[in-house]
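Subject: Handing over a structure

Hello,

Here is the structure I promised to pass on to you. Please open it alongside this email, and then read on for what turned up.

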Amino acid sequence: MMKKRPMTNKDLTLVGHLGELRKRLIISLLSLIGFSLIAYNFADLIAKDIIGRAPDMKFVYLTPSELMLSYIRIAIVCGIILAAPIIISQIWLFVSPGLEDKQKKYVLIAFFLGGAFFILGTIMAYIFALPLILNFFLEFQIPEIQAYISFSNFLNFVLSTLLAFGGIFELPIVMFLLTRFGLVKVEFYTKYRKYMVLVIFFVAAILTPPDVVSQILLAVPMLLLYEIGIIFSRIGQKKKEDK
């Protein structure tokens, strides 16, 4: 008797794919909810650490529910971070059966290196960039006008800054993948480098608050990341040409 071949995603019907997708979504959602509930118990400590980035600022909340909603947002963000390995694994389990071995390799590279660069970007922003930006803003105080900041608005500012830095740190991975799949040549990156400098400063101006300091603090790492991306792209193109 012939042995039955195990069923893969390629053999599933539309209903089967939807069932598999629902299963992965449920696992991801449950992990997110679970970690968010755990993180909520530490939201007070996390909020104090965030406030510690700006020790000279005084914070208030303007509506009865503002602080509680801010704690919930902190818990959800922390829940996403803690549940990220589970969520990524569920995405991988859903898409990997439909990929070829070569495609699997590049998706794994994108997942791991992309995650590492994103974490590096947020850490650098939280430890180095954020205090510098906040100190710059504090210099505009005068005795007659003191800063009493809404904690919700401050949290929005912190999260948008971290997200901007984390997203920009994905630049080398994007450049590598574009080159590896033959969509862009390394020569394109080097030929139009001077134009990319202008584009980088323009993007930094859009992603950051409207001040020169935060724009420069984002643009300078972007320029360095662009050069790192060129190095990655050379490696990717060389491997492609060797094959």
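This is a predicted model: local features need pLDDT of at least 70, side-chain atom pairs count only at pLDDT 80 or more; totals for chains, interfaces and linings use all residues.

Residues are numbered from 1 along each chain as its sequence is written, and side-chain values use heavy atoms, with hydrogens and water left out.

**The overall layout**

The chain contains 9 helices and 2 strands. Helices (H or I, at least four residues) and strands (E, at least two) are DSSP runs, numbered from the N terminus. Along the sequence they come in the pattern α-α-β-α-α-β-α-α-α-α-α. Of the 243 residues in the chain, 32% are buried.

**Aromatic rings**

Back to Tyr-195, which belongs to one aromatic cluster together with Phe-188, Tyr-189, Tyr-192 and Tyr-226. Rings of Phe, Tyr and Trp (its six-membered ring) pair if their centres lie within 6.5 Å; planes under 30 degrees apart count as stacked, over 60 as edge-to-face and the rest as tilted. Searching the whole structure gives 7 aromatic pairs. In one of them, Phe-188 and Tyr-189 have ring centres 6.1 Å apart and planes at 70°, so this pair is edge-to-face. Tyr-189 is buried at 6% relative accessibility, whereas Phe-188 is partly exposed at 42%. The rings of Tyr-192 and Tyr-195 have centres 6.0 Å apart and planes at 45°, so that pair is tilted. Tyr-192 is partly exposed, at 32% relative accessibility.

**Salt bridges**

How many salt bridges does the structure hold? There are 3, where a salt bridge is a side-chain nitrogen of Lys or Arg within 4 Å of a carboxyl oxygen of Asp or Glu.

- Arg-24 and Glu-20 meet through their side chains at 2.7 Å, N to O. Both lie in helix α1, 4 residues apart, about one turn of the helix, and both are buried.
- Asp-44 pairs with Lys-48, with the closest N and O atoms 3.5 Å apart. These two are 4 residues apart in helix α2, about one helical turn. Asp-44 is partly exposed at 34% relative accessible area, while Lys-48 is exposed at 54%.
- Arg-193 pairs with Glu-227, and their closest N and O atoms are 2.9 Å apart. Arg-193 lies in helix α8 (residues 193-207) and Glu-227 in helix α9 (residues 212-242), so the pair ties together parts that are 34 residues apart in sequence. Arg-193 is partly exposed at 31% relative accessibility, and Glu-227 is partly exposed with a relative accessible area of 32%.

**Two helices to look at**

Where does helix α3 (residues 66-95) bend? The bend is at Ala-83, by about 55°, and a proline, Pro-85, follows within four residues. Here the bend is the angle between axes fitted to the seven residues ending at a residue and the seven starting there. The buried residues of α3 include Tyr-71, Cys-78, Ala-83 and Trp-92. Cys-78 also has its C-alpha atom 9.8 Å from that of Phe-42, 36 residues away along the chain. Phe-42 sits in the loop between α1 (14-40) and α2 (43-51) and is partly exposed at 44% relative accessibility.

Helix α5 (residues 151-168) has 18 residues and reaches 26 Å from its first C-alpha to its last, close to the 26 Å expected at 1.5 Å a residue. Among its buried residues are Phe-151, Phe-154, Phe-157 and Phe-165.

**A nonpolar patch**

Finally, Phe-118, Ile-119, Leu-120, Ile-123, Met-124, Ile-127, Phe-128 and Leu-163 form a nonpolar patch on the surface, with about 730 Å² of accessible area together. Helix α4 (residues 101-138) gives the most to this patch, with 7 residues. Leu-120 lies in helix α4 and is partly exposed at 40% relative accessibility. Patches are made of residues with over 30% relative accessible area and no salt bridge: like charges are joined within 9 Å, and nonpolar side chains (Val, Leu, Ile, Met, Phe, Trp, Tyr) within 5 Å. Accessible areas come from the Shrake-Rupley method with a 1.4 Å probe, and for residues only the protein chains shown count as cover.

Happy exploring!

Methods:
Buried means under 20% relative accessible area, exposed over 50%, partly exposed in between (1.4 Å probe, protein chains only). The expected span of a helix is 1.5 Å times one less than its number of residues.
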